[in-house]
Amino acid sequence: MNRVLLGRSFRDSWLLMTSCALLSLGFTWLRVWVASHIKVDAFIKFFSEGLQIFQGLLPVPIEDLASPLGRVAFSFEEFGLLMLLGLWTVTRATDCLAGRIGAGTMEMLLAQPVRRLTLVTTHTAVTLIGVLLMAAASWLGVKLGLEFSRYEDPPAWRQLAPAAVNFACLGVFITGAATLISALVRSRSQAVGLVIGFYVVELTLMIVGRLNDRFEWMNRLTILSVYEPTLLTIGIHRDPAAFWPLFWQYNGCLLGLGCGALAASAAIFCNRDVPAPL
């Protein structure tokens, strides 16, 4: 039964998974290529003189961000790549429970000789495979981008591994958080709305905390404070002894919270009454 459910879940999602992976590869490839054509001096002057107020939003000082390694690593913080990750994880995770309940398919599935836990784990397994595939595709896109770019001192492809790992761990967290919300509501639209609301609150806390020193404590309340692919990549390259512990701490936090949310989702679903479809 597990193999049947895995196969069905994969057949339902392979097109979206493949599309997101290919778009991730193409996006990072193009992003790295474009970044290689940026005039560094003009870039630093533009931010130093014209946009000083926004420098607090940058993950690293502008001089580090303008370096070849910084420009490439920042690809993992671009909105386009994060939007693709959110599209895959939120679409899949909200469909895991709330989507099936709202569509009326959950009642039919539970009428079969299958455990509730199996329904959650098989669906989530395919979602996490997609997350890993997107992270690998993004990393491969970086490699292709470096091959076709012209940096004065191009970074090695393997130096971007910390950014790709941090990206994958963020995907695990989003999957867990969205699945947990899906287990608490009865319709997919409610789940998606709550996930978007959660992200807006987290983003607001991060922006306010970084722009105003008096509210710096707000930045520590957001999960986005442990998603720092650029900082981790540059830090591990320059001072491995100081930044490897931070690498494990940040990714351990994302993985721990994501897995904890998935466990809570399974526990809630296994012990709740399934409402009639809307």
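Select Asp-12 to start: with 55% relative accessibility, this residue counts as exposed. The model on screen is predicted, and every value below is computed from it.

Keep Arg-8 and Asp-12 selected and show the space around them. Along with Ser-9, Asp-95 and Arg-100, they lie nearest the centre of the second largest pocket, which has 20 lining residues. Helix H1 (2–35), H5, helix H6 (105–110) and helix H7 (116–147) each give two or more residues to this lining. H1 gives the most, with eight residues. Colour the lining by class to find six nonpolar, seven polar and seven charged residues. The space in this second largest pocket comes to about 430 Å³.

Next, centre the view on Asp-95, which is partly exposed, with a relative accessible area of 24%. Which residue meets Asp-95 in a salt bridge? Select Arg-188: its side chain meets that of Asp-95 at 3.7 Å, N to O. This pair links distant parts of the chain, with Arg-188 in helix H9 and Asp-95 in helix H5, 93 residues apart. Arg-188 counts as partly exposed, at 32% relative accessibility.

Helix H5 (79–103), helix H8 (161–184) and helix H9 (188–211) are the elements that give two or more residues to the lining of the largest pocket. H9 supplies the largest share of that lining, eleven residues. Select Phe-79, Leu-82, Tyr-199, Leu-203 and Leu-224 to find the centre of this pocket; of its 35 lining residues, these lie nearest that point. By class, the lining holds 26 nonpolar, three polar and six charged residues. The volume of the largest pocket is about 990 Å³.

For the last stop, go to helix H7 and select Lys-143 and Glu-147, which lie four residues apart there, about one turn of the helix. Their side chains meet in a salt bridge at 4.0 Å, N to O. Are these two residues buried or exposed? Glu-147 is exposed, with a relative accessible area of 56%, while Lys-143 is partly exposed at 30%. The model's count of salt bridges comes to four, including the Lys-143 and Glu-147 pair.

Notes:
Residues numbered from 1 in each chain as written. Predicted model: local features only at pLDDT ≥ 70, side-chain atom pairs only at ≥ 80, totals over all residues. Heavy atoms only, no water. 1 Å grid on protein atoms, 1.4 Å probe; cavity = no way out; pocket = protein on both sides within 12 Å on 5 of 7 lines; lining within 4 Å. Points joined across faces, edges and corners; volume = space filled by probe spheres on them. Nonpolar A, V, L, I, M, F, W, Y, C, P; charged D, E, K, R; others polar. Buried < 20%, exposed > 50% of the residue type's maximum accessible area, 1.4 Å probe, protein only.
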